[in-house]
Amino acid sequence: MEPFRIYILGCGSALPTLRHLPTSQVVECRGKLFMIDCGEGTQLQLRRMGLSFNKLGHIFITHIHGDHCFGLIGLISTFGLLGRTATLHVHAPAELQPMLQAQLDLFFNYDIGYQVLFHPVDTTSQTVVYEDRSLTVETLPLQHRMPCCGYIFREKPLLPHIRRDMIDMYGIPVSQIQNIKLGADYTLADGTVVANERLVMPGEKPRAYAFASDTRYMPRLHEMLKGISTLYHEATYADDKAENAEKYWHSTARQAAMVAREAGVGKLLLGHYSQRYADESVLLREAQEVFPETYLTNETDVIDV
């Protein structure tokens with residue numbers, strides 16, 4: 001199968017520390033790169049991880065707290081300095097548009113060399129906001145102190161595999177293989193029709209990645225996450241700070257694990273750690289008590305979906 005992986009550029013919360021940078025990730029799916037959030041330091045992390053600036057065409061912002069978008073204007077500037085010509089698409093809550101446009105007008109009142117297109121997203125509904133031949137991206141409504149949504153990246157179903165033994169048995173020419181993968185039967189020279197289901201095996205199950213950014217615990221969030229292979233869910237606090245999680249509309253590691261368990265996801269990734277925790281293993285332990293397939297994220301991690 002082609003790569004479907006996550007690059008962790010930053011997994012900290014509001015205040016950068018020596019341990020973690022503000023939130024940002026890159027999703028790679030079938031050769032394309034997509035960014036989720038763009039905290040400070042993002043472009044440096046792109047360089048550090050050897051990711052192509054040119055392959056990045058779409059940036060998805062969850063909300064306009066600074067630790068999720070303060071790196072955006074710097075990245076846009078660097079793209080221009082590198083001679084970018086391809087359009088950059090920014091998908092974000094509508095509240096970001098006037099601020100981003102003001103920055104573009106202030107800093108780039110000359111020709112930046114490429115177009116920045118803003119696409120407002122509705123943070124209150126689960127809606128497809130991007131689609132190509134390989135995947136769809138849809139919003140995931142969340143509950144935070146301001147309009148906020150996560151994003152779900154879903155592979156489109158893969159074509160079935162044609163059986164090698166059937167190719168040999170019936171002498172199927174290469175010219176017919178794609179038609180058969182697309183659902184066609186095969187007709188032999190004597191007019192006998194070989195049904196498509198005899199000729200193929202199902203393709204690999206499509207994978208899906210969900211990014212649940214800043215949010216308080218949502219008991220019914222799991223209903224929107226069925227069939228997800230890998231879930232990233234914020235885990236700002238441990239149980240000892242559950243009151244803070246409620247006050248500031250964040251989640252605990254245990255609550256993130258409850259969402260993963262109820263959704264039946266393949267694995268859970270934790271992030272958005274509060275600076276209060278010098279050792280995030282306490283978050284991991286609490287989450288694994290509920291959902292064993294839980295992992296901590298760290299900068300420069302590369303995780304297969």
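The secondary structure of this protein, seen here as a predicted model, comes to ten helices and 18 strands, where helices (H or I, at least four residues) and strands (E, at least two) are DSSP runs numbered from the N terminus. Residues are numbered from 1 along each chain as its sequence is written, and side-chain values use heavy atoms, without hydrogens and water. Because the model is predicted, local features need pLDDT of at least 70 and side-chain atom pairs count only at pLDDT 80 or more, while totals for chains, interfaces and linings use all residues.

Of the 305 residues, 51% count as buried, a term that means under 20% relative accessible area, found with a 1.4 Å probe and protein chains only. In soluble globular proteins, nonpolar side chains tend to be buried together. A nonpolar core is a set of buried Ala, Val, Leu, Ile, Met, Phe, Trp, Tyr and Cys residues joined through side-chain atoms within 4.5 Å, and the largest one here has 53 residues, with Phe-153, Tyr-209, Leu-225 and Leu-231 having the most contacts inside it. Helix α9, residues 253-263, gives the largest share of this core, six residues. Apart from it lies another core, of 30 residues, among them Met-49 and Ile-112.

The cysteines can be followed next. A search of the whole structure finds zero disulfides, a disulfide being a pair of cysteine sulfur atoms within 2.5 Å. For Cys-29, the nearest cysteine sulfur, that of Cys-149, is 19 Å away, and Cys-29 is buried, with a relative accessible area of 0%. The sulfur of Cys-148 is 6.4 Å from that of Cys-149, its closest cysteine sulfur, and therefore too far for a bond.

Notes: Buried < 20%, exposed > 50% of the residue type's maximum accessible area, 1.4 Å probe, protein only.
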